[in-house]
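Here is a short briefing on one protein chain. Look at the chain as a whole, then zoom in on single residues.

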Amino acid sequence: MNDKYISESGMRGLYACLGSALDNCKDVSKINKISELFDIINLLVEKKIFTSEDGKVIPTLYMLAVKTSAYLKDPVFIEKMFKEFFPGIAPDQKDNLGLYASAYLHYSKNEFDEALMYINRINIHTFQMKYHLRNLQIIITYEKNDYNMFLYILDTHKHFLSKNKSVSDSYKESNMKFLNYTNSLFKLRDSKNRSEIKFLEKTILKDVVVNKHWLIEKIKKLSAS
């Protein structure tokens with residue numbers, strides 16, 4: 001990109017718009033949405049505009065960078081986030097964000113028990129972190145093929161979503177769909193019903209659901225098995 005004539009503030013705005021456009025992209029059948037998002041984050045880091053104009057680390061962006069790297073199984077980038085940006089996290093947020101990043105770091109290395117250990121150590125005060133980490137717990141239960149643990153977390157997560165009044169109904173619905181789709185993945189992993197696998201894949205591709213990239217990746221593995 002020929003961006004030498006654009007100010008830092010303009011660059012931040014440009015990449016924010018790119019991220020928003022990607023986030024609102026409904027048809028992901030022909031793109032790797034999570035990989036595209038990682039490319040945007042990586043450019044922010046490379047161009048030294050990952051922080052705000054006053055040099056502060058934005059917690060939500062830091063969490064997004066860590067989570068995206070983890071889903072791409074890129075522990076090296078998460079370690080880079082630790083080294084370059086964790087020192088700039090506000091002191092009152094360091095404990096939770098350090099544990100948050102450690103959980104995703106271990107997940108990216110397929111060290112699932114260690115990831116769960118860090119999740120359980122977090123003193124969660126913000127809904128956003130609860131949402132991320134509860135969904136990571138769900139993902140890990142599938143990776144470990146632990147259906148009993150999944151059912152337990154499923155019940156607590158659904159209760160949490162139904163009782164939380166700080167998010168929209170559409171947000172809750174998207175998360176509920178993720179839980180139900182993951183439950184279907186568990187069942188199809190055992191039954192290996194080809195027609196049901198294909199039907200679920202088409203349904204997920206057309207739907208609006210959190211962690212869509214992960215669901216598609218897993219259903220494709222079932223299709224190929």
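A residue counts as buried when its relative accessible area is under 20%, and as exposed when that area is over 50%. Keep these cut-offs in mind for what follows. The model is predicted.

**The whole chain**
- The secondary structure comes to 11 helices and zero strands.
- Of the 225 residues in the chain, 46% count as buried.
- The chain exposes about 12200 Å². Carbon and sulfur atoms supply 52% of that area.
- Take the contacts in the chain with a separation of 6 or more: residues 24 or more positions apart account for 63% of them.

- Ala70 lies in helix 3, which covers residues 59-71.
- Is Ala70 buried or exposed? Its relative accessibility is 0%, so Ala70 counts as buried.
- Leaving aside neighbours within four places in sequence, Ala70 is in contact with Ile78, Tyr104, Tyr107 and Ser108.
- Ala70 and Ala101 are 31 residues apart along the chain, and their C-alpha atoms are separated by 9.2 Å.
- Lys67 also lies in helix 3. With a relative accessible area of 14%, Lys67 is buried.
- The side chains of Lys67 and His132 are joined by a polar contact of 3.5 Å.
- Beyond its neighbours within four places in sequence, Lys67 is in contact with Tyr100, Tyr104 and His132.

**The nonpolar core and Tyr107**
- The largest nonpolar core has 65 residues.
- Which residues have the most contacts inside this core? They are Phe50, Tyr62, Met81, Tyr107 and Phe178.
- Leaving aside neighbours within four places in sequence, the contacts of Tyr107 include Ala70, Tyr71, Phe112, Leu136 and Trp214.

- Helix 8 runs over residues 147-163. At 1.5 Å a residue, its 17 residues should span 24 Å. The end C-alpha atoms are 24 Å apart, which agrees.
- The buried residues of helix 8 are Phe150, Ile153, Leu154, His157, Phe160 and Leu161.
- Seen down the axis of helix 8, these buried residues fall within an arc of 135 degrees, so they line one face of the helix.
- An α-helix has 3.6 residues a turn, so residues three or four places apart point the same way.
- On the other side of helix 8, Asn148, Tyr152, Asp155 and Lys163 are exposed.

Technical notes
Residues are numbered from 1 along each chain as its sequence is written. This is a predicted model: local features need pLDDT of at least 70, side-chain atom pairs count only at pLDDT 80 or more; totals for chains, interfaces and linings use all residues. Side-chain values use heavy atoms; hydrogens and water are left out. Helices (H or I, at least four residues) and strands (E, at least two) are DSSP runs, numbered from the N terminus. The expected span of a helix is 1.5 Å times one less than its number of residues. Buried means under 20% relative accessible area, exposed over 50%, partly exposed in between (1.4 Å probe, protein chains only). The arc is that of the directions from the helix axis to the C-beta atoms. A nonpolar core is a set of buried Ala, Val, Leu, Ile, Met, Phe, Trp, Tyr and Cys residues joined through side-chain atoms within 4.5 Å. Contact means heavy atoms within 4.5 Å. A polar contact is a pair of N or O atoms within 3.5 Å; within protein, one must be able to donate a hydrogen and the other to accept it, and residues adjacent in sequence count only if both atoms are side-chain atoms. Accessible areas come from the Shrake-Rupley method with a 1.4 Å probe; for residues, only the protein chains shown count as cover.
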